[in-house]
Amino acid sequence: MELFLGFLLSFIILIFGVFKGIYIGYCIGVSFLIFAIIAYRMGYDWRHIFTSAWNGGKSSFVVLRVFVLIGLVTASWLIAGTIPAIVYYSMQVMNPRYFVVFTFLTTSMVSYMLGTSLGTSSTIGIVLIIMARGGDINLNLVGGAILAGCYFGDRCSPMSSSANLISNLTNTELYPMLKKFRRTTLVPFLISVLIYFLLSLNNPLEIHENTILRDIENFYVISLVVLLPALTMLVLSIFQVNVRKSMAVSIILGSLVAMFIQGAQIKDLLHTLILGYRLDPINPLSKILKGGGFISMLKPGLVVFISCSMAGVLQEIGVFEKTQGLFRKVKTRSKLFLATAGASFVSAAFGGNQSIAVVMVSRAMSKVYDRLRVDNYELATDISNTAILMAATIPWNIANFVIATTLELSPVLIVPYAVYLYIPVIYNYIALKKSERNS
């Protein structure tokens, strides 16, 4: 009964925090204390409880190092003009008649290169929604396409903190895991592109004067050279170079481009890498091109660490063993996938955070996969197709709420149009059922 009340109270606190705009780390910290107190009341001493929390938190260290690098990469790409150039060239090739499908494809490309859904929404996402606001088009449709595209890269980019977290928690190698993801990615992606193409035909963008391209040209040196940090990152990922090494190379190249092409001073470069990229408020691009830096990753990093620490306490008091009893009747691969999807939805709804969902599902389902002799790469793939994507379909989960807020749209009304978030779940379940019938 105490555990049930603990989960209920934590759920209320997290939902309250999301809707009030309170930093989710504070809410998760309170949830951690709730379960620590429950563990103490169950007979565990405080030293044992915090040892379990520390052991759980340590599993996040590999991911936290990637978090830091992501912040540095984003900052270096901004000051180097790499992200502005991506925005510039993307907008140059846009056909207004196919704006919706262009929106999905562009955000998918940028999210893959950046590896962050929030970074994508706050750069190219804002540009696209600004264009949509002036173009007499269904904003919720455009917002849904942006939300869906943001999570394409968040799910399968080697730079994605979510992908690195899954790899670490499931004890799988990153690049072989991402290669496995492709098998369940291509068809849902193409189906999504087709749907957005059809929606585009009845929802063209009405072109009005837009100064973003001119502003970028005036403030940055735009050439193929400034794309070098991103292209290098892409090439190195194709050759499966260690992601941390790839990021380090990209940061160095970004810094060199910033100094020798954009004319940045060393002190400005260092300031940007640590505190993030900020333009003068009078610059018309100041609200669009910003972010990154070491400091920017401290808050999400703390969320992941506390989530893993809380999972360590929950594992110690036997919560995951009890939940595994719910899956005793799971005997087939398709039912296993459905069980993972159900656990993902509940965890994402309860936790209000994508990282919590990933941690909870990996801990709760790992032994079930072992029992059915399904390897960890399949577990990682299923988590990527469920926990990562389903979190963004829940309006109060920060995976959705923050992006919707950034775009100034309803987190509820954009979900029906974010088709890529739920097509992989449907497609992969059907594929597994078909495979079972043919075997």
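Residues are numbered from 1 along each chain as its sequence is written. In this predicted model, local features need pLDDT of at least 70 and side-chain atom pairs count only at pLDDT 80 or more, totals for chains, interfaces and linings use all residues, and side-chain values use heavy atoms, with hydrogens and water left out.

User: How many salt bridges does the model hold by this rule?
Analyst: A salt bridge is a side-chain nitrogen of Lys or Arg within 4 Å of a carboxyl oxygen of Asp or Glu. Side chains of opposite charge can pair when their charged atoms come close. By this rule the count is six.

User: Which residue meets R41 in a salt bridge?
Analyst: The N to O distance of this salt bridge is 2.4 Å, and the partner of R41 is E2. R41 lies in helix α2 (residues 24-41) and E2 in helix α1 (residues 2-20), so the pair ties together parts that are 39 residues apart in sequence. Helices are DSSP runs (H or I, at least four residues), numbered from the N terminus. The residue asked for is E2.

User: Is R41 buried or exposed?
Analyst: Buried means under 20% relative accessible area, exposed over 50%, and partly exposed in between (1.4 Å probe, protein chains only). Accessible areas come from the Shrake-Rupley method, and for residues only the protein chains shown count as cover. With a relative accessibility of 59%, R41 counts as exposed.

User: Which residues does the network of salt bridges around E378 join?
Analyst: E378 forms a salt bridge with K180, the closest N and O atoms being 3.3 Å apart. This pair links helix α20 (residues 376-385), which holds E378, to helix α10 (residues 174-183), which holds K180, across 198 residues. E378 also forms a salt bridge with R333, where the closest N and O atoms are 2.9 Å apart. Salt bridges that share partners join into one network the residues K180, R183, R333, E378 and D382.

User: Which helix gives the most to the positive patch?
Analyst: Patches are made of residues with over 30% relative accessible area and no salt bridge, like charges being joined within 9 Å and nonpolar side chains (Val, Leu, Ile, Met, Phe, Trp, Tyr) within 5 Å. Lys and Arg count as positive and Asp and Glu as negative, while His and the chain ends are not counted; the place of a charge is taken as NZ of Lys, CZ of Arg, CG of Asp or CD of Glu. K335, K433, K434 and R437 gather in the positive patch on the surface. With three residues, the helix that gives the most is α23 (residues 423-438).

User: What area does the nonpolar surface patch have?
Analyst: V221, V225, I252, L256, F260 and I261 make this patch. F260 is placed in helix α14 (residues 243-260), and its relative accessibility of 66% counts as exposed. The area of the patch is about 550 Å².

User: Where is G115 placed, and how far is its C-alpha from that of M159?
Analyst: G115 is in the loop between α6 (99-114) and α7 (117-133), and it is buried, with a relative accessible area of 1%. Contact means heavy atoms within 4.5 Å; not counting residues up to four places away in sequence, G115 touches V110, D154, S157, M159, S160 and S161. G115 and M159 are 44 residues apart in sequence, and their C-alpha distance is 4.6 Å.

User: How many residues of helix α5 are buried?
Analyst: Helix α5 spans residues 82-92 and is mostly covered. Its buried residues include I83, I86, V87 and Y88.

User: Which residues does S52 touch?
Analyst: S52 is found in helix α3 (residues 46-58). At 8% relative accessibility, S52 counts as buried. Not counting residues up to four places away in sequence, S52 touches G312, V313 and E316.

User: What is the phi of N171?
Analyst: N171 is found in the loop between α9 (161-169) and α10, and counts as exposed at 66% relative accessibility. Although N171 is not a glycine, its phi is positive, at about 55°.

Definitions and conventions: Areas by Shrake-Rupley, 256 points an atom, 1.4 Å probe, with all protein chains shown as cover. Helix = DSSP H or I, 4+ residues; strand = E, 2+ residues; numbered from the N terminus.
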